[in-house]
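Dear colleague,

Please find below the structure that I am handing over to you.

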Amino acid sequence: MTDNTVPLAGRILPHKDHLASGHHDSAGSDLAPRGFRAKASPDADTIKKPRRPSAPRQAMMPQILNAAETTFGTRGLNGTRLEEIAALCDIPKANILYYFGSKEELYNATLKRLLDVWLDDADHWLSADRDPIEGMEGYLRAKIAFSRTRPEGSRLFAQELRSGGQRLEGFLKDVLRAHVDRHAAIFLDWQSRGLMTPIDPTHFLCLLWSGTQAYADMQVQFEALLDTAPLGERDYDTALETFMILVRPLFPRGG
């Protein structure tokens, strides 16, 4: 599918390292279809540098993508009408079609933005030069915060996986596999240096994802079992504490 020093029992807020990394949603970047190429100009001197997006476009793109994430995550691709997204943005449907040629194009752009952010957390927190316990706590905090603040986005990703993942095939086989391989190598390095108990790194990552994303994907179940709706700050703090109780023994030399 996140206080500069945040105690486990404290609030789940963005850590200063997380903010310093420039971690934010990139609303309008790289939305062109893969394989798209501009026509070559016969005169190199006449090639113009691409213009930066205008201020209205920069303001409108996040608004549309945020509304799309909420609506697609709730109703799915087939159950969503562009009129609903336009109503959330208080703009005409034609404005959406101006930036995105179709509902499917908007859906794909929404998925791409979501997955870019989802991957950034590991790239920031799980690094060979970071203390393993600090890295794991920061990563889990970020994952729980993602489920708390963007539950529809998490559900959107889960919907795609449950439906067979056809739209995600390239992401799963190429981008995500490379992402996992890169961070599995970090876990194996920690293990070789005696910083981490030997454990299969791929299964470990998948368990971290499924556990933290459950707070969004299975939110209704948590609310029923905890007899609270919606889940509150204390519930997410307890989630982080619980994960760290399970994870900390894997790092015998950790603090």
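**Findings**

Phenylalanine 187 and tryptophan 190 are three residues apart in helix α8, and therefore about one helical turn separates them. Helices, here and below, are DSSP runs of H or I with at least four residues, strands are runs of E with at least two, and both are numbered from the N terminus. Phenylalanine 187 and tryptophan 190 are both buried; buried means under 20% relative accessible area, exposed over 50%, and partly exposed in between, with a 1.4 Å probe and protein chains only.

Please note that this is a predicted model, in which local features need pLDDT of at least 70 and side-chain atom pairs count only at pLDDT 80 or more, while totals for chains, interfaces and linings use all residues. Residues are numbered from 1 along each chain as its sequence is written, and side-chain values use heavy atoms, with hydrogens and water left out.

**Overall composition**

The protein chain has 11 helices and zero strands. Of its 255 residues, 43% count as buried.

**Packing of α5 and α8**

Two packed helices are described by the angle between their axes and the distance between the axes. Helix α5 (residues 103-125) and helix α8 (residues 169-192) pack at about 15 degrees, and their axes are 10 Å apart. This makes α5 roughly parallel to α8. The axes are lines fitted to C-alpha atoms, for helices over the stretch in contact, and the angles run from 0 to 180 degrees between N-to-C directions. Angles under 35 degrees count as roughly parallel, over 145 as roughly antiparallel, 65 to 115 as roughly perpendicular, and the rest as oblique.

The crossing of α5 and α8 is left-handed, a term used if the near helix is turned anticlockwise from the far one by less than a right angle, with clockwise giving right-handed. On the α5 side, the contact is made by Leu115, Trp118, Leu119, Ala122 and Asp123, and on the α8 side by Phe171, Val175, Leu176, His179, Arg182 and His183. Contact means heavy atoms within 4.5 Å. By class, the contact of α5 with α8 has seven nonpolar, two polar and two charged residues. In this scheme Ala, Val, Leu, Ile, Met, Phe, Trp, Tyr, Cys and Pro count as nonpolar, Asp, Glu, Lys and Arg as charged, and the others, Gly among them, as polar.

**Aromatic pairs**

A pair of aromatic rings is described by the distance of the centres and the angle of the planes. Rings of Phe, Tyr and Trp (its six-membered ring) pair if their centres lie within 6.5 Å; planes under 30 degrees apart count as stacked, over 60 as edge-to-face and the rest as tilted. By this rule the count comes to 10 aromatic pairs.

In one of them, tryptophan 118 and tryptophan 209 are tilted, at 5.0 Å centre to centre and 55 degrees between the planes. Tryptophan 118 lies in helix α5 and tryptophan 209 in helix α9 (residues 201-217), so the pair ties together parts that are 91 residues apart in sequence. Tryptophan 118 and tryptophan 209 are buried. The pair of phenylalanine 187 and tryptophan 190 is tilted, at 5.6 Å centre to centre with 55 degrees between the planes.

**Individual residues**

Threonine 212 lies in helix α9 and, at 0% relative accessibility, counts as buried. Not counting residues up to four places away in sequence, threonine 212 touches Leu140, Lys143, Ile144, Ser147 and Phe243.

Arginine 75, found in helix α2 (residues 55-79), is partly exposed, with a relative accessible area of 49%. Leaving aside neighbours within four places in sequence, arginine 75 is in contact with Thr80 and Glu84.

**Backbone features**

A cis peptide bond, with omega about -5 degrees, joins alanine 229 and proline 230. Proline 230 is found in the loop between α10 and α11 (233-247). Aspartate 227 lies in the loop between α10 and α11 and has a positive phi of about 55 degrees although it is not a glycine. At 71% relative accessibility, aspartate 227 counts as exposed.

Aspartate 90, which is not a glycine, has a positive phi of about 60 degrees. Its place is in the loop between α3 (82-89) and α4 (93-99), and aspartate 90 counts as exposed at 69% relative accessibility.

Yours sincerely
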